[in-house]
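Good morning. Please have a look at it first.

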Amino acid sequence: MASSYGTSSFGTGMRAADGPSRGPGRAATARLTATRPKPKLKKMLPEVWKLIKPRRFLLAGSFLIMIVNRASGLILPASTKYLIDRVMGKHDLAILPWIVGIVVSATILQGATSFILTQLLSKAGQRLIAELRTQVQEHIGRLPVAFYDENRTGTLVARIMTDVEGVRNLMGTGVIDFCGGILTAIFAFGYLVHLSVKMTMLTFVILLAFGLILQRAFKTIRPIFRERAKINAEVTGRLTESLGGVRVVKGYHAEASESRVFAAGVTRLLDNVISSLTAQSMMSLASTAVLGVVGALIMYLGAHQVVDGKLTTGGYVTYVMFLAFMIAPIAQLVSIGTQLTEALAGLDRTTEILSEAQEDSEPSRSLALSEIRGDIRFENVSFSYEEEKEVLHEISFESLPGTVTALVGSSGSGKSTIISLVCGFHTAGSGRILVDGHDLATVRLSSYREQLGVVLQETFLFDGTVRENVLFSRPQSTEEQMLEACRIARVDEFAERFPEGYDTVVGERGVKLSGGQRQRISIARAILANPRILILDEATSSLDSESEAMIQAGLQHLMKGRTTFVIAHRLSTIRRADQILVVEQGNIVERGTHEELYRMQGRYYDLYTRQHGLESNLFLAPGEGDGEGDKEAELTAKS
């Protein structure tokens, strides 16, 4: 049943004072990346191996094909020596057909192997991205609610969809181009040594110095790419919030303000991109300069060797061509290395979020509950969202199966925090929460939440049909069960009037429906789930009086035999509760039935009499309408 309230249940339903505060401009990644040190490349190698290991045979075969591909690519430059020295120099036309045939065959082989490599590795890279996205989404979905309290939705979307994109270069053609370039350079180097040791050694020293410069440059540029991913997530997170809250933005005429916030984020992203482009252009400048120096050096030394008869003209041309084959891959390291650096930065962020502990990952959570009775007991429970800021102080109470426990009190008193603890969204700091005698801290939350049903004041609907939203809590339900739940919750009264009936699309967050209609669907979803523990957070607050009266009957049907918790601000709706807990500043200051608390004339009496003159009481218990208590409340309210 965990899915019936989703990850945003008490992220949206929790009162601001009950949960941790977070300003709208706060960095989207919160504490995830703020204090995390920049990982060294060596520490990332095990993560890279985890990706490669299941595909090692594919990569091994690809490397063999790559060797053939690179070797065949060297046939053309190697043939120029024979073409110039023998065919053109000595007019030996007999070997020309052989040279042409070998070059054509090698070119065809090179093209075929390139096609095979692209097909194998590009598709494997895209499959890897899909698998990683699925893995990250599944992992994030199992993280505790506290994680969602600290991270924006848009940030998490960026983590799932964007950060894994660059990983394709670790599995796809990027890594093959990188290794292939190095292999081509090694082949070319060997042949260059064969042609001229002196020129090759001088060239090698220059390129070695250039390689050391590149290594330092990549160490500098990698944090820039990691920071870019972080900034991109922040900008995406704020943009998602702004688009989701467009009615609030327009209602307060804050379009210009949101535009400035977004522009500031885009500027930060631009500055980061410019920094990386500056670093890349400097590396490109260095590689171009190296090419110029090496080219001039070979031109000078080669001319002397040809004049001295140590090298033929064809040998010199062949040397220059092989030198190009050796230097070109090294020059490409600037672009390929940048891609791999970006991939490692994305993998680092992906690994970071996968290292977050899941709710049921603690060794102590080993108990899987079967069907529960619903006996919930708090024993001296204290809780705080932040250290030294305790929200609940030694709360103790028991809710028996088949009873209704109502939580009342001013906003920020701790009501929603208690409900959050009942749902297992947070763990008690001290004390125990017992479910049928089992400590909830030892229970696998997945088995426990299957037996929870939640109806929140802020109803969340998915952008699907009425049917899909009702079936969300129990997708395997029959059509008859779904229709019965809709009938009890009065969903049928409006759904069957739509042209497409229960297949009507409700829009994002149910925007195409009224607040009351959305709430009825939420109630139907809870009815269909058939939970043992039911949470109602102002479940009928969005309904008109007539609909509220009818749905109260449905809720009475739903609450039979179940342990029910009700958060109520309209106190007239909880007068039949078996126990009412009055919560103030994290303490239970009063407890009892409506009649008992009213006679005490304490905090509950104050809250009730203050509201009594402001609301129409449609939910009187039998015989209450003429009671002396009601007359007294009315007189008190008038006074």
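How many bridges join β1 to β2? Seven, and the two strands run antiparallel. Before I go on, some conventions. This is a predicted model, in which local features need pLDDT of at least 70 and side-chain atom pairs count only at pLDDT 80 or more, while totals for chains, interfaces and linings use all residues. Residues are numbered from 1 along each chain as its sequence is written, and side-chain values use heavy atoms, with hydrogens and water left out.

Back to the sheet. Strands here are DSSP runs of E with at least two residues, helices are runs of H or I with at least four, and both are numbered from the N terminus. Two strands count as paired if DSSP finds at least two bridges between them. The sheet is open, has four strands in the order β2-β1-β4-β5, and its pairing is antiparallel. At the edges are β2 (389–399) and β5 (438–439), each pairing on one side only. Opposite Ser399 in β2 stands Ile376.

Across β1, β2 and β4 lies helix α15, residues 415–422, running at about 115° to β1. Contact means heavy atoms within 4.5 Å. The axes are lines fitted to C-alpha atoms, for helices over the stretch in contact, and angles run from 0 to 180 degrees between N-to-C directions.

Now the salt bridges, meaning a side-chain nitrogen of Lys or Arg within 4 Å of a carboxyl oxygen of Asp or Glu. The structure has eleven. One of them pairs Arg432 with Glu379, at 3.0 Å from N to O. Arg432 is in strand β4 (residues 430–435) and Glu379 in strand β1 (residues 376–386), so this pair links distant parts of the chain, 53 residues apart.

For accessibility, buried means under 20% relative accessible area, exposed over 50%, and partly exposed in between, with a 1.4 Å probe and protein chains only. Arg432 is partly exposed at 38%, and Glu379 is partly exposed at 24%.

Next, Arg520 and Glu493 meet at 3.3 Å, N to O. Arg520 sits in helix α20 (residues 515–529) and Glu493 in helix α19 (residues 492–495), so the pair ties together parts 27 residues apart in sequence. Arg520 is buried at 10%, whereas Glu493 is partly exposed at 30%.

Last, Arg603 forms a salt bridge with Glu584, with the closest N and O atoms 3.1 Å apart. Here Arg603 is partly exposed at 26% and Glu584 is buried at 16%.
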